[in-house]
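Okay, thanks for coming, everyone.

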Amino acid sequence: MEPNTDSPFENQQTDQFLVIDNVSRHFGALKAVDNVSFSVKKGQIFSVIGPNGAGKTTLFNVITGIYPPTSGKVLFEGKNLKGLPAHQVTRLGIARTYQIVRLFDNMSVLENAMVGFYCRIKAGVWDIILNLPRAKNERRLVKEKGIELLDRVGLLEYQDYIAASLPLGLRKRLQIARALATEPKVLLLDEPTGGMNPSEKVEMMALIERLRSGGLTILLVEHDMNVIMGVSDWIVVLDYGAKIAEGKPEEIQTNPVVIEAYLGRGLENVTAKN
Amino acid sequence: MKTGNKFSDWFTQKYDALERQPYGRIVVPTVTLLAFALIPMFVKSNYWIRVLDSAGIYIMMALGLNIILGYTGLLNLGYAAYYAIGAYMWAILGSPYFGIHWNFWVVFFLAGLAAGVAGYLLAIPGLGLKGDYLALVTIGFGESIRILANNLKLTNAAMGISQIDPMTIGPFKATSVQHYYYVLLVICVIEVILMRRLENSRIGHAWMAVREDELAAESMGLDTHNLKLLACFIGAIPAGMAGVMFAAMQTYVSPVSFKFVESITIVAMVIVGGRANVYGAVLGALLLVVVPEPLRGSIFDSARILIYGLLLIVMMLYKPQGFWPRRYRGKSHVKGNNGGLDLSGKKISDSKTSVGG
């Protein structure tokens, strides 16, 4: 990106890690994301919460390049992501998981993990067809790294199994492992604990904490308030596509606007009637 | 069909076990190769060697289509068009029709390249479409190539081109079906080796990832559009080369050889044999060429396509992965009734002994 010396604001922003600047995404008349701005600092666990349909997943899709924003921009380490296809966003260091787990079901667990590394290696068709050293070395290296990664997330014993045979908890873990294989700087997790039982949730929270202490920045969409309040450093609240609040977990918990968005204004009506 | 399933499970399980042995990787291919090399010593009938020659040509193509359909999951129903391109290239560049007699192997590789480029060019607009629509575009492409050949002066229209030069290797001229048999055997072995390398490479895995979930593959930093273009390019190359072999072997080429049915046959080979497995594609091609052969001349001959159709339906219902698919441990429960949601970790370890599919 060309440095814009005219605008001190631009320069200020390039110091930031991941900046969401006035991003909107409309589908026809529906404003799925409406003028949302916030900035994520390096090493944070940054949560995006809101009622169903608030635009959280759409926001993730805009950040990761699956949809371009209707207006506004996403800056990552000072680089405008506008117009970049999803695979290039991933190569810049933004990886994600999906709310509904999307694995490569008819491939082995290890192959799933290995696919994540492929955007970081270079062997071309000729290297592979002629079995040149580059292809051989990379294949060995990726396999080693894949096994190491599976070991780290506790999936090593399933490495040869078809991914479709894993139960949900392990599928979610494999999805995270696969995203980590792309060597991200920011990891976007879309409801990582959805559908999990309490003990699995605790394990997932521990994993998220561990990833952060390993230097990863985490952007989290989550419905479970225990998880959110337990791990987040900073929370942004969306409702009907717009940002309604932002702050530390304890501030958000007591914020009347947030409570209203989640629970409605019913209480006043009830008290008024009585 | 249940017994067929059992047999295929038994067979692949045994084969996998054999391949896991340290000697298995060397012994199994060597023995298979020797067996194939010895066939002409024992099979004296030229007729059957010719059938196997034809199987060799289909193996070349099934391996190519396996890249497009098996790994990348793009349904190409016009694959015979690439075959036609290759066949007509040798018919034009190696026959008295224009009085041009190029070197066989130069045209062999040129035809591969031409077919690859055709595959690539068709993919540029075609990949904007998904699933069934892409299949329709490829049908249209396949038919338009055939109809062009049926009408152009260049291809001698419906009469076709005859007296095509046979294959030559240096001063040596292939005159018998046995000569073609050995050359095709060598080509198929080379192709199997190259395809195996691709299959187990980052590109092979990336193709499969695109087939499984394109969006997720894109999120893994894979340029899915380029990968699909590459699959369409590489996958079409063997068909062009197979076309050259076909033209040289038959010494006659006409548009009748490249009907829609040809494309369907090759698709059937990949699906029956086993998607995304090199050996599966080879097996499928062998089965679909050799097995119906005794029916030739009988009342069933004209029903050949009907039988392919029935076979495809039966395979889709009972063994959608094909006879010899790529194998993993563990049963896939995702397409089952509960979407894999109710599984406990215990079940996974229980399924250790079963072979997936």
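So, to start: how many residues does the contact take from chain A, and how many from chain B? It takes 37 residues from chain A and 35 residues from chain B, where contact means that two C-beta atoms, placed from the backbone, lie within 7 Å.

Quick housekeeping before I go on. This is a predicted model, so local features need pLDDT of at least 70 and side-chain atom pairs count only at pLDDT 80 or more, while totals for chains, interfaces and linings use all residues. Residues are numbered from 1 along each chain as its sequence is written, and chains are lettered from A and ligands numbered from 1 in the order in which they are written.

Back to the interface. On the side of chain A that touches chain B, the elements giving two or more residues are helix H3 (86-92), helix H4 (109-117), helix H5 (125-129), helix H6 (133-152) and H7 of chain A. When I say helix or strand, I'm using DSSP runs numbered from the N terminus: H or I of at least four residues for helices, E of at least two for strands. By residue type, that side of chain A splits into 20 nonpolar, nine polar and eight charged. The bookkeeping there is that Ala, Val, Leu, Ile, Met, Phe, Trp, Tyr, Cys and Pro are nonpolar, Asp, Glu, Lys and Arg are charged, and the others, Gly among them, are polar.

Now chain A by itself. Its domain assignment gives domain 1 (8-102 + 185-273) and domain 2 (104-165), and bounds like these come from an automatic or database domain assignment. The C-alpha centres of those two domains of chain A are 30 Å apart.

Let's look at the sheets. One is an open, mixed sheet of six strands in chain A, in the order S6-S7-S8-S3-S9-S10; strands pair if DSSP finds at least two bridges between them. At the edges sit strand S6 (94-96) and strand S10 (242-247) of chain A, each pairing on one side only. On average, neighbouring strands here are turned by 20 degrees against each other, direction ignored. Inside that sheet, S7(A) and strand S8 (residues 217-221) of chain A run parallel and are joined by five bridges, with Leu187(A) opposite Ile218(A) in S8(A). Helix H11 (residues 256-263) of chain A packs on the sheet, touching strand S9 (234-239) and S10 of chain A, and its direction makes about 130 degrees with that of S10(A). For angles like that, axes are lines fitted to C-alpha atoms, for helices over the stretch in contact, and the angles run from 0 to 180 degrees between N-to-C directions.

There's also an open sheet of four strands in chain A, antiparallel, ordered S2-S1-S4-S5. Its edge strands are strand S2 (30-40) and strand S5 (79-80) of chain A. Two bridges join strand S4 (residues 71-76) of chain A to S5(A), and Leu75(A) stands opposite Asn80(A) in S5(A). Lying across strand S1 (18-27), S2 and S4 of chain A is helix H2 (residues 56-63) of chain A, at about 65 degrees to S2(A).

On to chain B, which has 14 helices and four strands. Its radius of gyration is 21 Å, close to the 21 Å that the globule rule gives for 357 residues, so chain B is as compact as a globular protein of that length. That radius is taken over C-alpha atoms, and the rule is 2.2 Å times the number of residues to the power 0.38. The C-alpha atoms of chain B fill a box of roughly 70 × 50 × 40 Å along the principal axes. Of its 357 residues, 47% count as buried. Buried means 20 or more other C-beta atoms within 10 Å of a residue's own, exposed means 12 or fewer, and partly exposed is in between, with C-beta atoms placed from the backbone. Chain B is divided into domain 1 (43-326) and domain 2 (330-357), with C-alpha centres 36 Å apart.

Most residues other than glycine have a negative phi. Glu183(A), however, has a positive phi of about 55 degrees, and its place is the loop between helix H7 (168-181) and strand S7 (186-190) of chain A.
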